[in-house]
Amino acid sequence: MSIAVNKRNNNKNVFSSFQDTMNAKSVYSTLHYKRTHRIEEPDRATKNKIAAGSIIATILPMIYFAKKQNGLKNIIDLFKIKYELKEVLALSTASILGGVFSGIVFDKNSDKKRKLKEGVFQFMNATVPTALVGGAMKLIEDNTKYQNSKRVKIASIVISLIAGMPLAAWLSNIINDPKDKEPDRKLTLKDSIVNMDDALGALVVAKVPIVGKLHLDKLMPAIFAWCGYRAGQSN
């Protein structure tokens with residue numbers, strides 16, 4: 001009797017372990033899809049071309065701003081750019097355009113229209129919250145009453161990011177489907193979490209102290225190039 005009970009318990013434990021593994025795989029699969037929006041992975045050659053397109057598109061505005069700010073005497077000057085709102089928006093826009101158009105040209109097996117729509121969504125998600133944060137910071141700087149208030153600045157950043165993401169999704173739906181023939185794409189909490197790197201530009205614009213201390217603005221071009229690469233692979 002004891003052996004039979006133990007056998008049933010063991011079977012239950014094995015099944016529970018299997019179920020937990022499957023649930024973990026399901027969660028990872030969901031997060032991975034929300035991150036990449038890719039059903040079928042392109043081949044290595046295609047991925048390399050998309051990566052090159054995104055990287056080149058990110059470097060071009062960097063060269064422009066480095067020349068304008070520092071004269072661009074050497075490659076190190078590319079990492080001395082002072083990022084304000086226009087620089088951040090230019091880099092994020094260029095990287096996504098480079099990735100998406102490289103994907104449209106080189107990824108022969110994907111739906112080009114769908115890829116373009118994903119590019120619009122990624123572009124809005126990267127630029128709208130950043131623009132809202134930049135606008136909020138400008139209003140605070142021009143207001144002598146609140147310009148030195150950390151609480152007001154933090155609240156403005158948080159509100160701008162929280163409002164900016166659904167606004168970006170709403171604008172994307174209008175642009176991608178103006179006649180409302182398809183169900184609207186909704187931005188879920190998981191979408192926001194897995195794409196949180198898009199918010200770095202907003203934090204750089206807001207001049208959040210930890211961003212400056214950790215020099216995260218130096219990483220921003222690489223992160224934007226990665227976002228463009230991701231958008232270019234979406235299918």
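Tutor: Quick definition before we start: helices (H or I, at least four residues) and strands (E, at least two) are DSSP runs, numbered from the N terminus. This is a predicted model, where local features need pLDDT of at least 70, side-chain atom pairs count only at pLDDT 80 or more, and totals for chains, interfaces and linings use all residues. Residues are numbered from 1 along each chain as its sequence is written, and side-chain values use heavy atoms, leaving out hydrogens and water.

Student: OK, how many residues does helix α9 have, and how far does it reach?

Tutor: Helix α9 covers residues 220-233, so to speak its 14 residues, and reaches 20 Å from its first C-alpha to its last. That's close to the 20 Å expected at 1.5 Å a residue; the expected span is 1.5 Å times one less than the number of residues.

Student: And how many of the residues in α9 are buried?

Tutor: 11 of its 14, so α9 is mostly covered. Buried means under 20% relative accessible area, exposed over 50%, and partly exposed in between (1.4 Å probe, protein chains only). Among the buried ones are Met-220, Phe-224, Cys-227 and Tyr-229.

Student: Switching to rings: how many aromatic pairs are there?

Tutor: A search of the whole structure finds 2. Rings of Phe, Tyr and Trp (its six-membered ring) pair if their centres lie within 6.5 Å; planes under 30 degrees apart are stacked, over 60 edge-to-face, and the rest tilted. Tyr-64 and Phe-65 make an edge-to-face pair, 5.2 Å centre to centre with 70 degrees between the planes.

Student: What about Trp-226 and Tyr-229?

Tutor: Their pair is tilted, at 5.3 Å centre to centre and 45 degrees between the planes.

Student: Why are those two about one helical turn apart?

Tutor: Because Trp-226 and Tyr-229 are 3 residues apart in helix α9.

Student: Is Tyr-229 buried or exposed?

Tutor: Tyr-229 is buried, with a relative accessible area of 12%. Trp-226 counts as partly exposed because its relative accessibility is 42%.

Student: New topic: where is Lys-117, and what is it in contact with?

Tutor: Lys-117 sits in helix α4 (residues 112-141). Leaving aside neighbours within four places in sequence, Lys-117 is in contact with Asn-176 and Glu-182; contact means heavy atoms within 4.5 Å.

Student: Why does Lys-117 count as buried?

Tutor: Because its relative accessible area is 14%.

Student: Last one: where is Ile-174, and why does it count as partly exposed?

Tutor: Ile-174 is found in helix α5, and it counts as partly exposed because its relative accessibility is 40%.
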